[in-house]
Amino acid sequence: MTSRQSTAGSNSLSPRRRTVVKAAAATAVLAAPLAAAWPAGAVEAPAFLHGVASGDPLPDGILLWTRVTPTAEAVPGSGLGPDIEVGWVVARDKAFTTVVAKGSVTATAASDHTVKADVRGLAPATDYWFRFSAGGTDSPAARTRTAPAADAAVANLRFGVVSCANWEAGYFSAYRHLAARGDLDAWLHLGDYVYEYGTGEYGTRDTVVRQHAPTHEILTLADYRTRHGKYKTDPDLQALHTVAPVVAIWDDHEFANDAWSGGAENHTEGTEGAWTARQAAAKQAYFEWMPVRTAIAGTTYRRLRFGKLVDLSLLDLRSFRSQQVAVGNGSVDDPDRTITGRAQLDWLKAGLKSSDATWRLVGNSVMISPFAIGSLSADLLRPLAELLGLPKEGLALNPDQWDGYTDDRRELLAHLRSNAIRNTVFLTGDIHMAWANDVPVDAGTYPLSASAATEFVVTSVTSDNLDDLLKVPEGTVTALAAPVIQLANRHVHWVDTDRHGYGVLDITADRAQMDYYVLSDKTKANATSSWARSYRTRSGTQKVERTYQPV
């Protein structure tokens, strides 16, 4: 991809590995031709079939993204289609009468005809409109917003927060409801934006609501591009991308389940090629298809600032981590094992210590709060163990989360305490449940011991949670399991094991509040949304408390 700008100012794989649902009875599905993934009928090319997006807002800039289809055969992952010039324009108004920046980018098959424009010279804390054009065709217009100036006094910020959107398990109504708000400064995607499995191989409550593409497990660059392209055709996802910039990190399913630096639970070396090649393909497709800047090449860890109110540190907990331990072997405390890698942990600690912002947010893909099973009954323990990756005999450990890398967690929390670093809030996805947690220095003695930070975990957009696994009515499992979980984990103020939805994080100088919203039915395209609960942490307390109405 080249850019010019001017500014003013495979085969199907049988289900075989641990995951939310393994669908042991699923039959193998032959891979469909790439073209079958896209709308039937002739494509009027060039066309913008995958929407437009913006991301990583800066005080003076924004990253713009789109994908153009220059000819009918140039579908994602095909490697086909000619180079085409794509113009972009940024304006103060939706009618584009006050243009402030414009330029052009060449879309090529080498970048899957995706393009990005990193626009600078903009004003801070300002709404802008942008669009692309190619061959006489305009893309949809979209709104974006820059971050406040680094030294600006900011009264309020509001972020949407989402994770874990499995195409086959349902519709992305959570994105539609966030888009309809019209009040977001940005939205955070905390990982599992796409899933890698073959059709029917991953949690869908035994029903594939809508089939993704390709139908086989994705392994190659063409596969990952095709899957990203399919997701970007979703109208609700497109709608959210057109109203506010996204700030995204990856988790494991953008690669393969339980990924680590040298492999993944859902990767068979040799049979599925080399992990290094698969990982490189997944990363290339991700950066092509997502409006994400790379502060360090090949990673998603970076930091964004929103005035004096918020510093947002974003983590990459897959590229550098040690392999997950076999549960029960005692090596979770091994100081030579890491979830962050040494350089990233040092970067995080330094940034948290040096920050002069009121709030230090950490975009964190897997739960940092410790979790003990307690005395759950066998019928609840088995699906909970499957969902969290826990041993079914009840040992209190999730080796894929920070619980499996306790030396890194201990070092980070000790750093917060010894340097009196206040107002650190971890924002987390991954486990398809909603939680509101204190992050204790010593979970075994909490609440007598101190809390070093707080954590808000958002549930999944569609990916199966406990009621889906057990195939029982929504709310059934939460009513039984939540009291037992909280009894064994005194730092957990709330857990909802059953519902799907999203969060809205509202921040002022005095408090950070997470409003949790839930969907009526993930399998319905017109699902409604309702407020479920709200929790906040007051400045200086490092503790979570319930509040009884949303912002």
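The structure is a predicted model, and every value below was computed from it. The largest pocket has a volume of about 360 Å³, while the largest nonpolar core has 42 residues.

- Helix H7, which covers residues 406-418, and helix H9, which covers 476-488, each supply at least two residues of the lining, and H7 gives the most, with five residues.
- Helix H9 has a kink of about 30° at Ala 482, which comes shortly before the proline Pro 483.
- In H9, the residues Val 477, Thr 478, Ala 481, Ala 482 and Ile 485 are buried. An α-helix has 3.6 residues a turn, so residues three or four places apart point the same way.

- Strand E23 runs through residues 511-519 and is mostly covered, with nine of its nine residues buried.
- In a regular strand the side chains alternate between the two faces of the sheet. Both faces of E23 are covered, with Arg 511, Gln 513, Asp 515, Tyr 517 and Leu 519 buried on one side, and Ala 512, Met 514, Tyr 516 and Val 518 buried on the other.
- Strand E22, residues 501-507, runs antiparallel to E23 and is joined to it by seven bridges; Gly 503 stands opposite Tyr 516 in this pairing, and a hairpin of three residues links E22 to E23.
- Strand E24, residues 529-538, also runs antiparallel to E23, and nine bridges join these two strands; here Gln 513 has Arg 536 in E24 as its bridge partner.

**The largest nonpolar core**

- In soluble globular proteins, nonpolar side chains tend to be buried together. The largest nonpolar core of this model has 42 residues, and Phe 172, Tyr 175, Trp 187 and Tyr 502 have the most contacts inside it.
- Several elements each supply at least two residues of this core, among them helix H1 (173-181), helix H2 (221-231), strand E12 (246-248) and the strands E22 and E23, while H4 gives the most, with six residues.

- Most residues other than glycine have a negative phi, and most peptide bonds are trans.
- A cis peptide bond, with omega about -10°, joins Ala 213 and Pro 214, and Pro 214 is found in the loop between strand E11 and H2.
- The peptide bond from Tyr 446 to Pro 447 is also cis, with omega near 15°, and Pro 447 is found in the loop between strands E19 and E20.
- Ala 125, in the loop between strands E6 and E7, has a positive phi near 50°, and this residue counts as partly exposed because its relative accessibility is 34%.
- His 432, in the loop between strands E18 and E19, has a positive phi of about 65° although it is not a glycine, and His 432 counts as buried because its relative accessible area is 3%.

**A contact across the sequence**

- Gly 61 is found in strand E3, residues 61-67, and counts as buried because its relative accessibility is 0%.
- Gly 61 and Asp 118 are 57 residues apart in sequence, and their C-alpha atoms are 7.1 Å apart in space.

Methods
Residues numbered from 1 in each chain as written. Predicted model: local features only at pLDDT ≥ 70, side-chain atom pairs only at ≥ 80, totals over all residues. Heavy atoms only, no water. 1 Å grid on protein atoms, 1.4 Å probe; cavity = no way out; pocket = protein on both sides within 12 Å on 5 of 7 lines; lining within 4 Å. Points joined across faces, edges and corners; volume = space filled by probe spheres on them. Helix = DSSP H or I, 4+ residues; strand = E, 2+ residues; numbered from the N terminus. Bend = angle between axes of the 7 residues up to and from the residue. Buried < 20%, exposed > 50% of the residue type's maximum accessible area, 1.4 Å probe, protein only. Pairing = 2+ DSSP bridges. Core = buried A, V, L, I, M, F, W, Y, C linked by side-chain atoms within 4.5 Å.
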